[in-house]
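Colleague: I'm new to this one and would like a close look at a single part. Could you walk me through it slowly?

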Amino acid sequence: MASLSLFIFVTLAILVILFVNPTFSTSRRALEHKKVQTGFRVTLKHVDSGKNLTKFERIQRGMKRGQLRLQRLSAATTASSDAAQVEAPIHAGTGEFLMNLAIGTPPESLSAILDTGSDLIWTQCKPCTQCYDQPTPIFDPKKSSSFSKLSCNSQLCSALPASTCASDGCEYIYQYGDYSVTQGILASETFTFGDKVSIPNVGFGCGSDNEGDGFSQGSGLVGLGRGPLSLVSQLEEPKFSYCLTTIDDSKTSSLFLGSLASVNSTQKKSITTTTLTKNPSQPSFYYLSLKGISVGGTRLDIDKSTFEVQDDGSGGLIIDSGTTLTYIDGNAFDALKKEFIAQTKLPVDTSGVSGLDLCFTSPSDTSDVEVPKLIFHFNGGDLDLPAENYVVTDSSSGLLCLALGSSGNSGMSIFGNIQQQNYLVIHDLAKETLSFIPKQCDEL
């Protein structure tokens, strides 16, 4: 009888374990591997959201940040081809959008910079040797029951571009293109996203020494690059997407991970899909296969190698959510500018007051102004942009400007976020593709 009672007890215990689910939206096995079965959505907010600015003023502010970011990205590729000149690889840093999340147990809310141009996830941690002012309280790992330092033998520690082994674990240093830097201990924590989706054991940098410009908009940074330290890599999710509202819209944008990354679309003819390519010198960046550009019905005379990654790692076109304007190779931009002037029946503004590379003096009523089509010819399909994704008007100055710029002789080109607005941009890392699907992002 005793053995029968024991058998019944054990059987009931097994049934309880099998059928009583935790409140998380992920399974036990998925939690262990940090894969997200159901997917989740994260709210994104533009860094200039809530400020009393016109669309033109927001673009001008974004352009100034974008020029600094272009310098950082160019510095990163230059450093990769001449690594002897730097002590550690450098990355893009900063960005245009903030994402809401929480860290720790109990969770502490914060907003972090979203960066598709780097990998490391990090936040400032107490005790701070050197910390900047941030909008939320600095994270105190001693108050979290789920905080754990990672050992020097961990895979994530090995993936760091620069680290040292200390008595208390793996110490990291991560440097950005303007020589901003974060240093601290590599650790793991529970991160909470979107609708209370909690994911344990996410590796992140607990920064006690963080210096440089551009970080103060947020309380750290979340890298979405292609390297092993990024959020998408750690979640083992082959797909993520985002949908960005227009720059003058006060409504929030969205980031989707897991099963929510793809949205069923009945507009199959309007989907543009191209191949993602890799640059061994910069494995974190998302490079696109751009074959050419048309203005109106004219295909620009651009050398076919202009947007290709060169043998030394320079060149190429990356897609980047953290840069406002699209910047293209100097020679290609000169051809675009010349053709745009030829096809636009307006006088060119030579005052330079806008800070943009090409502006026209426009009439007070711009409803009858016709601007030429702008089409990007990618490997796999053409992206025919709506005018609001590359032309901006300013009634106060009477200007109509092109929301693109020259990257000079840096060799690198960047497909910026104004050109991506109101598109669902899907990164499929399994298929090595990127798709643009027209969407009204504030309605998703």
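How far apart are the closest N and O atoms in the salt bridge that Glu432 forms with Lys278?

Modeller: Before I get to that, this is a predicted model, where local features need pLDDT of at least 70 and side-chain atom pairs count only at pLDDT 80 or more, while totals for chains, interfaces and linings use all residues. Residues are numbered from 1 along each chain as its sequence is written, and side-chain values use heavy atoms, with hydrogens and water left out.

Now, your pair: the closest N and O atoms of Glu432 and Lys278 are 3.7 Å apart. That passes as a salt bridge because the rule asks for a side-chain nitrogen of Lys or Arg within 4 Å of a carboxyl oxygen of Asp or Glu. Glu432 sits in the loop between β27 and β28, and Lys278 in the loop between β14 (272-277) and β15 (287-288), so the bridge ties together parts 154 residues apart in sequence. (Strands are DSSP runs of E, at least two residues; helices are runs of H or I, at least four; both are numbered from the N terminus.)

How open are these two to the outside? Lys278 counts as exposed because its relative accessibility is 58%, and Glu432 counts as partly exposed because its value is 24%. The cut-offs are under 20% relative accessible area for buried, over 50% for exposed, and partly exposed in between, with a 1.4 Å probe and protein chains only.

Glu432 has another partner too: its side chain meets that of Arg226 in a salt bridge, 2.5 Å from N to O. This pair also links distant parts of the chain, as Arg226 is in the loop between β11 (221-223) and α5 (231-234), 206 residues from Glu432. Arg226 is buried because its relative accessibility is 16%.

To put that in context, the rule gives a count of 8 salt bridges. One of them joins the side chains of Arg61 and Asp48, at 3.1 Å from N to O. Arg61 is in helix α3 (residues 55-81) and Asp48 in the loop between β1 (40-46) and α3, 13 residues apart. At 34% relative accessibility, Arg61 is partly exposed, whereas Asp48 is buried at 1%.

Back at your pair, Glu432 and Lys278 have those 3.7 Å between their closest N and O atoms. Elsewhere, salt bridges that share partners join Asp48, Lys51 and Arg61 into one network.
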